[in-house]
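Please look through the sequence and the model shown here.

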Amino acid sequence: MKENKICCFAGHGQINDISVKLQIEKTVIALIEKGTTVFMVGNYGDFDHYSASVICSLKKDILLFSYI
């Protein structure tokens, strides 16, 4: 059976720098290229919402991973 590579995102409640979202996107793409297949995201604060937004957006284009 193939093992899943899992990445979890949980972070700050308030972020004043929108460029963080671009860095999250670069990071998620790099993780997918390295074989990460499952992404888990918290549900509180800006970092978690940015992460979820990026992952959901990429999920529409790349159907190779799961978002929890």
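## Basis of the model

This is a predicted model, in which local features need pLDDT of at least 70, side-chain atom pairs count only at pLDDT 80 or more, and totals for chains, interfaces and linings use all residues. Residues are numbered from 1 along each chain as its sequence is written, and side-chain values use heavy atoms, with hydrogens and water left out.

## Overall fold

The protein has 2 helices and 3 strands, and along the sequence they follow the pattern β-α-β-α-β. Helices (H or I, at least four residues) and strands (E, at least two) are DSSP runs, numbered from the N terminus.

Of the 68 residues, 31% count as buried. Buried means under 20% relative accessible area, exposed means over 50%, and partly exposed lies in between (1.4 Å probe, protein chains only). The accessible surface comes to about 4800 Å², and carbon and sulfur atoms hold 56% of that surface. These areas come from the Shrake-Rupley method with a 1.4 Å probe; for residues, only the protein chains shown count as cover. Among contacts with a separation of 6 or more, 78% join residues 24 or more positions apart. A contact means heavy atoms within 4.5 Å.

In soluble globular proteins, nonpolar side chains tend to be buried together. The largest nonpolar core here has 14 residues, and those with the most contacts inside it are Phe-9, Ile-24, Val-28, Phe-39 and Ile-55. At least two core residues come from each of strand 1 (5–9), helix 1 (19–33), strand 2 (36–41) and helix 2 (45–61). Helix 2 gives the largest share, 6 residues. A nonpolar core is a set of buried Ala, Val, Leu, Ile, Met, Phe, Trp, Tyr and Cys residues joined through side-chain atoms within 4.5 Å.

Phe-9 counts as buried because its relative accessibility is 9%. Leaving aside neighbours within four places in sequence, Phe-9 is in contact with Ile-24, Val-28, Phe-39, Met-40, Val-41, Gly-42, Phe-47, Asp-48, Ser-51 and Ile-55.

## Aromatic rings

A pair of aromatic rings is described by the distance of the centres and the angle of the planes. Rings of Phe, Tyr and Trp (its six-membered ring) pair if their centres lie within 6.5 Å; planes under 30 degrees apart count as stacked, over 60 as edge-to-face and the rest as tilted. By this rule there are 2 aromatic pairs. Phe-9 and Phe-39 are stacked, at 6.4 Å centre to centre with 25° between the planes. Phe-9 lies in strand 1 and Phe-39 in strand 2, so this pair ties together parts that are 30 residues apart in sequence. Both Phe-9 and Phe-39 are buried.

The pair of Phe-9 and Phe-47 is tilted, because the ring centres are 6.1 Å apart and the planes stand at 40°. Since Phe-9 lies in strand 1 and Phe-47 in helix 2, the pair ties together parts that are 38 residues apart in sequence. Phe-9, Phe-39 and Phe-47 form one aromatic cluster.

## Residues of helix 2

Phe-47 is buried, with a relative accessible area of 17%. Apart from neighbours within four places in sequence, Phe-47 is in contact with Phe-9, Ala-10, Gly-11, His-12, Ile-15, Val-20 and Ile-24.

With 0% relative accessibility, Ser-51 counts as buried. Its side chain reaches the backbone oxygen of Phe-47 at 2.9 Å. Not counting residues up to four places away in sequence, Ser-51 touches Phe-9, Ile-24 and Val-41.

## Gly-13 in its loop

Gly-13 is found in the loop between strand 1 and helix 1 and is partly exposed, with a relative accessible area of 35%. Beyond neighbours within four places in sequence, Gly-13 is in contact with Tyr-44, Gly-45 and Asp-46. The C-alpha atoms of Gly-13 and Gly-45 are separated by 3.7 Å, although these residues are 32 apart along the chain.

## Cysteines

The structure holds 0 disulfides, a disulfide being a pair of cysteine sulfur atoms within 2.5 Å. The cysteine sulfur closest to that of Cys-7 is in Cys-8, at 6.5 Å, which is too far for a bond. Cys-7 counts as buried at 14% relative accessibility, whereas Cys-56 counts as partly exposed at 34%.

Definitions and conventions:
Polar contact = N/O pair within 3.5 Å; in protein donor to acceptor, adjacent residues only side chain to side chain.
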